[in-house]
Amino acid sequence: MNNSAFNPLLNPAFALPYLPNTSSLISSEVLNSARRTPHSALAQVVLPLPLDQAYSYSVPEEMQDEARVGCRVLVPFGPRRLTGLIVARGGAVEEGVKLKPILDVLDEAPSFTDEMLRLTRWIADYYVCGWGEAVKAALPTGTEIESKKRVYCTGAPPGAWAEHPTARAVLRYLNHHGEASLNGLRQQVDDVPLAFLRRLERDGLVRIETELSKPKVRIKREKHVRLASPFRHPGAVKDLKTQLRGEKQAAVLDVLADYLLEGVTEPRQADVLARAGAPSSSLKSLAGRGIVEVIEKEVIRSPLGDLSEPAAPPNFVLNEAQRAALERIGGAVQGGRFETFLLHGITGSGKTEVYIAALKETLAQGRTGIILVPEIALTPQTVQRFRAHFGDRIAVLHSRMSMGERYDAWRHLRGGRFQVVIGPRSAVLAPLSNVGLIVVDEEHEQSYKQYDPAPRYHARDVAVMRAFNNEAVCVLGSATPSLESYLNARRGKYTLLCMPERVPVPGRRAASLPDISVVDLRLEWKKHRLDGAVSETLQEAIEQRLARQEQVILLQNRRGYAPVLECRSCGFAPLCFDCSVTLTYHKAKSRLRCHYCGRTKRLPPACPKCGADDLAMLGAGTQRVEEELARLFPAARLLRMDLDTTTKKNAHRKLLDRFGRGEADILLGTQMVAKGLDFGRVTLVGVVDADVGMLLPDFRAEERTFQLLTQVAGRAGRARLPGEVLLQTRNPDHPVFRHTVAHDYAGFVEAALEERRVFGYPPYGRIVGVEFRGPDEDTVQELGERWTDGLKKEIGRAGGPALEVLGPEPAFIGRIKRQYRYHTLVKAPRNHATPDLQDLLRRANAAFGSLPHGYRLAIDVDAVGLF
């Protein structure tokens, strides 16, 4: 195949606008000097830091064979030791220059294939971050080794430092705790600089030591027991027991004989000892006499062990639209060619069945597949549907898994034990080889965009690039495609496949879309039909479903009890000490909580400002709605699903399993109940406050609201029973509701695209958000202005079409976690004549230099959230 035909720089059918220059990622000091002497005993290493280059290290003779491209290595970097990745061997070094050597090779086999090196290099360049940062995102957490500083108290008298407030705080903390990590101490004492601690060390008050951390995760092993080979026949145990004096030793042999009869030749040591009621010393004695052998086996940690065995897959026959979609996707899979499909199927149209059928064809070709879902809450349901077809060939990757589970899944995906991975955005970086299919379900979801830390990648776009690199197929599925994907399809960059009807229910025609109605809360209030968050119209609809033993899903996309606590006498509202937001009241623990930094405080008995006992709880979160529903429907069984009820492992699955078994009548939750759930007895969906999020200062706010409402509406009436949806709003005439009620995606898209075209916003332009943050507002503003001026100068030097640079301005939420925030916005026309935007951003960074300690600059290419 001629790869140049699919070069993103040349091929107009490719979705991404262009591939930026990546030469800066390998230091010109290493690769581009003709005056240097080639050196085969060198390795180019990238580090998990915001650095634009690889660094040269010498490879000791004894490591020449092990130090392969793609292997992790331990290297010195200044006074520190860090885990890096070899991205190239060789290079050039100036005569007389002595390079630091690699200290250790951490991998027996490379952690990264050439394909993953190309992908992470592209991520680094496109999203303007360090290559090492992109590499770190693709590795399991807990495997890195690095040096860390610890600060110890010497006990010496403070002397002249006694009156210094920072020194006094440092010494008070260390006197109490004895020692602290540098990062831990900085959290307690206002980000104290290392240089200040060095001054204290010179005066003998503290001692600073550098320690090498150990990996936080390793391969887990457990002991198993087996009879030695001469004693594995039926009569051996009986003969051996006559030679033993100890009852416990004889009991161990009896248990091993029982296991043999059960077909278990190597039971777990813990199980053997428990059955025999014997101590480990009895087993040790038998092993010493050569009667038994103790061996170690790897334990594969997997969240799938907590799931029940999936039911046999139904004998499902694809309808005409599904067959047509599969024919196009399957043709590309079988042809081994890169192609991106936008699968636009309404809710309930059977997109998952198409994914499964396409994956079967992919595996039949000897290739592997990646299935991305937007929410961890969707993972259990999705996994069970795929496991029913593919069994143990599936692995799961997501952030709620333990560190050990993620490590084991990553290792066995890399080793080829699993051929399919399912998970949220990070699964797009799974170490699968020979990828043939990547599915991005609900491709419109903003949760596919990584915010912090870098790389701030969009999993949908990375999926397209990874499919391109592998000559694979990428399927983007959604009932409400993003405007970017829709326009790409209309322009021929993606292949559009439509599934406009719901799949038929056995024994009857296809289920129809639910009826959607708007409940005008202003009229409900005037008619005295609103006393709380749930209008009488919605109450009556819920009562009808409860009487018919049907189920209800209610969406309230705001957690907690009351978003705002306000004094009605003086207007005081408690703000977070560390963030410029009001605190949300959580009734369960009677605490006020910040949803940005997590800080909590007790609910005051009276107004702290004026002393009045007149504190009003304004607004309703999921806790308050739950309380109201319990009062209105005391016999109903309620489940609440939000961040507060799903913090424990497997909490999502347990809640959904209970609802699926019919153990609850009403499922109330935030947006995690809006997507992908399929329960046949749900006939009513209610949106308690459909205005949430729609009026935010973000040009995508209306698009997101339309998508969320359409998605949650699709949970109703998916089987034999017809569905109904009620949207409670104080803005009933808003165009978003008009299009939602009519199930009019096409009408909404046309209106939204025209508005975006006029103002030059995506998909007709490109957006880069640059955030400056730090502890002092004036300094943050000054840094933002200086960097932005530098960018404007770089743009002027580059020439070409003008880029619009706005700001810096205070962010919508001006302070988070004691960090003031300013934003600069860069708008660029989406065309190939535009100068290399990423190169301009990198040049602006280079000209600006380093930031003061405690200050940060974050570049977000193709920004999704702008507040």
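Strands are DSSP runs of at least two residues, numbered from the N terminus. In this predicted model, Leu 342 is found in one of them, strand S13, which spans residues 339–345. The relative accessibility of Leu 342 is 0%. Buried means under 20% relative accessible area, so Leu 342 counts as buried. Leaving out residues up to four places away in sequence, Leu 342 touches Glu 443, Leu 476, Pro 481, Ser 485, Tyr 486, Ala 489, Tyr 494, Thr 495, Leu 496 and Leu 497. Cys 498 lies 156 residues from Leu 342 along the chain, yet the C-alpha atoms of the two are separated by 8.3 Å.

With a relative accessible area of 32%, Gly 204 is partly exposed. Its contacts, apart from neighbours within four places in sequence, are with Thr 154 and Ala 156. The C-alpha atom of Gly 204 is 42 Å from that of His 595, and 391 residues separate the two along the chain.

Helix packing was examined next. Two packed helices are described by the angle between their axes and the distance between the axes. Helix H8 covers residues 247–261, and helix H10 covers residues 280–288. Their axes come within 9 Å and cross at roughly 75 degrees. Angles of 65 to 115 degrees count as roughly perpendicular, so H8 is roughly perpendicular to H10. On the H8 side, the contact is made by Lys 248, Gln 249, Val 252 and Leu 253. H10 contributes Ser 282, Leu 283, Ser 285 and Leu 286. By class, this contact of H8 with H10 has four nonpolar, three polar and one charged residues.

Helix H21 (residues 701–713) and helix H23 (residues 745–759) form another packed pair. Their axes lie 11 Å apart, at an angle of about 170 degrees. An angle over 145 degrees counts as roughly antiparallel, and H21 and H23 are therefore roughly antiparallel to each other. Glu 702, Glu 703 and Phe 706 make the contact from H21. Tyr 745, Phe 748 and Arg 756 make the contact from H23. These residues divide into three nonpolar, no polar and three charged.

His 739 touches residues of this pair. This histidine is placed in helix H22, residues 735–741. Setting aside neighbours within four places in sequence, His 739 is in contact with Phe 706, Asp 744, Gly 747 and Phe 748. Phe 706 belongs to the H21 side of the contact of H21 with H23, and Phe 748 to the H23 side. At 10% relative accessibility, His 739 counts as buried. His 743 lies in the loop between H22 and H23. In contrast to the buried His 739, His 743 is partly exposed, with a relative accessible area of 35%.

The backbone has some features of note. His 743 has a positive phi of about 50 degrees, although it is not a glycine. Gln 549 is likewise not a glycine and has a positive phi of about 60 degrees. Gln 549 is found in the loop between helix H18 (536–547) and strand S21 (551–555). Its relative accessibility is 63%, so Gln 549 counts as exposed. Cis peptide bonds also occur. One joins Pro 762 and Pro 763, with omega about 15 degrees. Pro 763 is found in the loop between H23 and strand S31 (765–774). Another cis bond runs from Gly 807 to Pro 808, with omega near 10 degrees. Pro 808 is placed in strand S32, residues 804–816.

Rolling a probe the size of a water molecule over the atoms shows where empty space is left. The structure holds two cavities of 30 Å³ or more. The second largest cavity contains about 30 Å³ of space. Its lining is made up of Ser 111, Phe 112, Thr 113, Met 116, Arg 414, Pro 431 and Leu 432. By class, that lining has four nonpolar, two polar and one charged residues.

How values were computed:
Residues are numbered from 1 along each chain as its sequence is written. This is a predicted model: local features need pLDDT of at least 70, side-chain atom pairs count only at pLDDT 80 or more; totals for chains, interfaces and linings use all residues. Side-chain values use heavy atoms; hydrogens and water are left out. Axes are lines fitted to C-alpha atoms, for helices over the stretch in contact, and angles run from 0 to 180 degrees between N-to-C directions. Helices (H or I, at least four residues) and strands (E, at least two) are DSSP runs, numbered from the N terminus. Angles under 35 degrees count as roughly parallel, over 145 as roughly antiparallel, 65 to 115 as roughly perpendicular and the rest as oblique. Contact means heavy atoms within 4.5 Å. Ala, Val, Leu, Ile, Met, Phe, Trp, Tyr, Cys and Pro count as nonpolar, Asp, Glu, Lys and Arg as charged, and the others, Gly among them, as polar. On a 1 Å grid over the protein atoms alone, a cavity is a set of points where a 1.4 Å probe fits but cannot get out, and a pocket is an open set with protein on both sides within 12 Å along at least five of seven lines; lining residues have an atom within 4 Å of a point. Grid points are joined across faces, edges and corners, and a volume is the space filled by probe spheres set on the points. Buried means under 20% relative accessible area, exposed over 50%, partly exposed in between (1.4 Å probe, protein chains only).
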